[in-house]
Amino acid sequence: MGEGAGRVSNQQGLFASTKGLLGTGVTLIHNRLELLGVELAEERVRLVSLLAYGGAAFLCLSAGLVFLAIFLTVLLWDSNRLLALGVFSALFIGAGIASLMLAMSLARGGSKLFSASLAELRKDRDALASDPAARPQ
């Protein structure tokens with residue numbers, strides 16, 4: 001009779017241990033999904049800010065450059081109007097090419113979205129794949 005009670009006790013202990021392990025796994029997954037959500041929200045805010053400030057800067061700088069080009073062309077109208085128009089055309093085309101090259105360089109760099117989550121998942125995978133005896137309890 002004592003042997004049967006020990007077997008039931010061992011089964012309940014195994015069941016409780018498995019239940020605890022599953023609970024820990026679910027908590028781990030939940031934390032990682034929350035981290036992904038936070039990173040996604042941060043990236044969205046960063047992109048919206050980048051677009052807003054970039055758009056405002058582009059608009060203001062473009063208008064300023066156009067008005068400067070018009071001002072200097074009118075100022076030099078009697079003596080060197082073709083030279084002024086040629087110089088400003090070259091400057092605008094050069095700035096456009098430089099901006100395009102910078103944008104292409106940034107696009108090739110890629111995004112760091114979810115990098116922290118991926119690093120944490122790698123740590124989790126490595127911890128689970130390592131020898132159980134080597135892990136701290």
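Colleague: Which residues form the nonpolar patch on the surface, and what makes it a patch?
Modeller: Leu 65, Val 66, Phe 67, Leu 68, Ile 70, Phe 71, Val 74, Leu 75, Leu 76 and Phe 92 form it, with about 950 Å² of accessible area together. A patch takes residues with over 30% relative accessible area and no salt bridge; nonpolar side chains (Val, Leu, Ile, Met, Phe, Trp, Tyr) are joined within 5 Å, like charges within 9 Å. Areas come from the Shrake-Rupley method with a 1.4 Å probe, and for residues only the protein chains shown count as cover. This is a predicted model: local features need pLDDT of at least 70, side-chain atom pairs pLDDT 80 or more, while totals for chains, interfaces and linings use all residues. Residues are numbered from 1 along each chain as its sequence is written, and side-chain values use heavy atoms, without hydrogens and water.

Colleague: Which helix gives the largest share of the nonpolar patch?
Modeller: Helix α1 (residues 2-75), with eight residues. Phe 92 is found in helix α2 (residues 77-109). Helices are DSSP runs of H or I, at least four residues; strands are runs of E, at least two. The protein chain has three helices and zero strands.

Colleague: Why is Phe 92 called partly exposed?
Modeller: Its relative accessible area is 33%. Buried means under 20%, exposed over 50%, and partly exposed in between (1.4 Å probe, protein chains only). So Phe 92 is partly exposed.

Colleague: How do you know that Glu 43 forms a salt bridge with Arg 46?
Modeller: The closest N and O atoms are 2.9 Å apart. The rule asks for a side-chain nitrogen of Lys or Arg within 4 Å of a carboxyl oxygen of Asp or Glu, so Glu 43 and Arg 46 qualify. By this rule the count comes to one salt bridge. Both residues lie in helix α1, three residues apart, about one turn of the helix.

Colleague: Buried or exposed: what does Glu 43 count as, and why?
Modeller: Glu 43 has 15% relative accessibility, so it counts as buried. Arg 46, at 44%, is partly exposed. Of the 137 residues of the chain, 7% count as buried.

Colleague: Which residues lie nearest the centre of the largest pocket?
Modeller: Arg 46, Leu 47, Leu 50, Ala 103 and Leu 106, among 14 lining residues. α1 gives the most to this lining, with seven residues. About 470 Å³ of space lies in the pocket.

Colleague: What makes a set of points a pocket?
Modeller: On a 1 Å grid over the protein atoms alone, with a 1.4 Å probe, a pocket is an open set with protein on both sides within 12 Å along at least five of seven lines; lining residues have an atom within 4 Å of a point.

Methods. Grid points are joined across faces, edges and corners, and a volume is the space filled by probe spheres set on the points.
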